[in-house]
Amino acid sequence: MKFNEIKIVENSWFARLARLVLRTDNVAMVLGKAIHLSGVKKEAFLRNQAWVAHEHCHLQQFKKYGFFRFLWLYLIESMKVGYYHNKFEVEARLAEKTLDAK
Ligand SMILES: [Zn+2]
């Protein structure tokens with residue numbers, strides 16, 4: 001994966017909102033083709049390879065399903081099984097582990 005091809009938005013308003021909702025100190029979230037950050041600097045985020053692999057997987061999901069379709073599918077999954085068992089999160093966590101194995 002080429003980091004310089006990944007679009008990153010620091011101090012994102014969307015990520016800040018997610019931070020408030022999730023009650024966490026730092027958030028990275030993918031919206032379409034960009035990773036939105038709040039509470040974490042771009043450099044620190046990019047140093048965390050597992051985290052990057054996780055968000056990169058969400059970038060692929062947006063690409064695969066299309067922007068609104070993915071948001072919709074993600075929402076439905078979340079309502080049905082919650083965050084942790086959401087199949088898109090399961091896939092993203094798997095991407096972290098694949099990276100660890102290398
Ligand atoms: Zn995720």
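Reader: In what order do the three strands of the open sheet sit?

Author: This is a predicted model, where local features need pLDDT of at least 70, side-chain atom pairs count only at pLDDT 80 or more, and totals for chains, interfaces and linings use all residues. Residues are numbered from 1 along each chain as its sequence is written, and side-chain values use heavy atoms, leaving out hydrogens and water. Strands here are DSSP runs of E, at least two residues, and helices are H or I runs of at least four, numbered from the N terminus; two strands pair if DSSP finds at least two bridges between them. The pairing is mixed, and the order is β1-β3-β2.

Reader: Which are the edge strands?

Author: Look for strands that pair on one side only. Those are β1 (7–9) and β2 (27–31).

Reader: Which residue in β3 is the bridge partner of I8?

Author: β1 and β3 (residues 34–38) pair in the parallel sense over three bridges. For I8, the partner in β3 is I35.

Reader: Is N11 buried or exposed, and what is its relative accessible area?

Author: N11 sits in the loop between β1 and α1, and has a positive phi of about 50° without being a glycine. Most residues other than glycine have a negative phi. Buried means under 20% relative accessible area, exposed over 50%, and partly exposed in between, using a 1.4 Å probe and protein chains only. So N11 counts as exposed, at 65%.

Reader: And what is the relative accessibility of R23?

Author: R23 is in the loop between α1 and β2, and its phi, near 55°, is positive too. It counts as exposed because its relative accessibility is 76%.
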